[in-house]
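Hi there,

Here is the structure I said I would pass on. Have a look at it first, and then read my notes below.

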Amino acid sequence: MFAAGIVYHANIYPNHTVTAFPRDIQNWQIWSILKIPYWQVYGELYLDVLEASDDTGCTNNVTLWENDQSINRCPTSDWLPPVIAASYMMLTNWLLLNIVIAMFSARFELIKTKSSQKWRYYRHSVVIEYEHKIPSPLNIPFRVLYILAVVICYLPCLLICGCDEYKHTDLAIERMLQKQREFAKVIIEEEKEEEHIK
């Protein structure tokens, strides 16, 4: 950006003596050098300045713009600044497009990795959940039989012995969830190893 600005300034305003740090900060030449290439990144062409077609509010009188830094000097026509501008804008747009493509591809890979992990985890939870279930149309008679079995078999046991049977079922559910967590950890570790291999 700074190199393109120097080329523009040297060709548009030849024989221009630049003072390093004038009194007023707004009159520093660094702003006029960086202004055109900075805004060209966002699509502003400044062809009126680069082709010296803008002569409004400027002067060609050397003594005026040398003595007063706030007076604008009229640009000088040259073939080189439009060529440099075309090359500079093409290069910056190409670099910005490559950055956007790299960001999109990195984000896509991250989402793809996480989505496959989540899909495997939820698939495993569905398999574990439906491992001991009976399909939907057939489960109605089995549900009735299960309720009858609980009432006939476990109700007297609960009344006499207490809630030990329910404690065993809670332990079984906890074991099943523990197996599910361990399986999910194994899958995630395998996927991390596959990513390191890639």
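A question to start with: does Tyr 46 count as buried or exposed? With a relative accessibility of 18%, Tyr 46 counts as buried, because the cut-off for that is under 20%. Keep in mind that this is a predicted model.

Tyr 46 sits in the loop that joins α2 and α3. Its backbone is worth a look too: Tyr 46 has a positive phi of about 60°, although it is not a glycine. Most residues other than glycine have a negative phi. Another positive phi turns up at Gly 43, which follows α2 and has a value near 105°.

Now for the whole chain. The protein chain has seven helices and zero strands, so along the sequence the pattern simply reads α-α-α-α-α-α-α. Of its 198 residues, 18% count as buried. The accessible surface comes to about 15,600 Å², and carbon and sulfur atoms make up 65% of that. If you take the contacts with a separation of 6 or more, 69% of them are between residues 24 or more positions apart.

Next, have a look at α2, which covers residues 29–41. This helix bends by about 30° at Lys 35, and a proline, Pro 37, follows within four residues. The buried residues of α2 are Gln 29, Ile 33, Ile 36, Pro 37, Gln 40 and Val 41. Several of these positions are three or four places apart, and the general rule is that an α-helix has 3.6 residues a turn, so residues with that spacing point the same way. As for partners, the buried residues of α2 pack against α1 (2–12), α3 (47–50) and α5 (80–129).

There is also an aromatic cluster here, formed by Tyr 38, Trp 39 and Tyr 42. The chain has three aromatic pairs by the rule used. Tyr 42 is exposed, with a relative accessible area of 58%.

Finally, α5. This helix has 50 residues and reaches 73 Å from its first C-alpha to its last, close to the 74 Å expected at 1.5 Å a residue. Its buried residues include Pro 81, Ala 85, Tyr 88, Met 89 and Thr 92, and also Gln 117, His 124, Ser 125 and Ile 128.

The UniProt record, an unreviewed entry, lists residues 83–106 and 140–161 as "transmembrane region". Over residues 83–106 the model is 100% helix and 0% strand, and the end C-alpha atoms are 35 Å apart.

Best wishes

Key: Residues numbered from 1 in each chain as written. Predicted model: local features only at pLDDT ≥ 70, side-chain atom pairs only at ≥ 80, totals over all residues. Heavy atoms only, no water. Bend = angle between axes of the 7 residues up to and from the residue. Helix = DSSP H or I, 4+ residues; strand = E, 2+ residues; numbered from the N terminus. Buried < 20%, exposed > 50% of the residue type's maximum accessible area, 1.4 Å probe, protein only. Contact = heavy atoms within 4.5 Å. UniProt positions renumbered as here; feature names shortened; annotations may be inferred. Phe/Tyr/Trp six-rings, centres within 6.5 Å; stacked < 30°, edge-to-face > 60°. Expected span 1.5 Å × (residues − 1). Areas by Shrake-Rupley, 256 points an atom, 1.4 Å probe, with all protein chains shown as cover.
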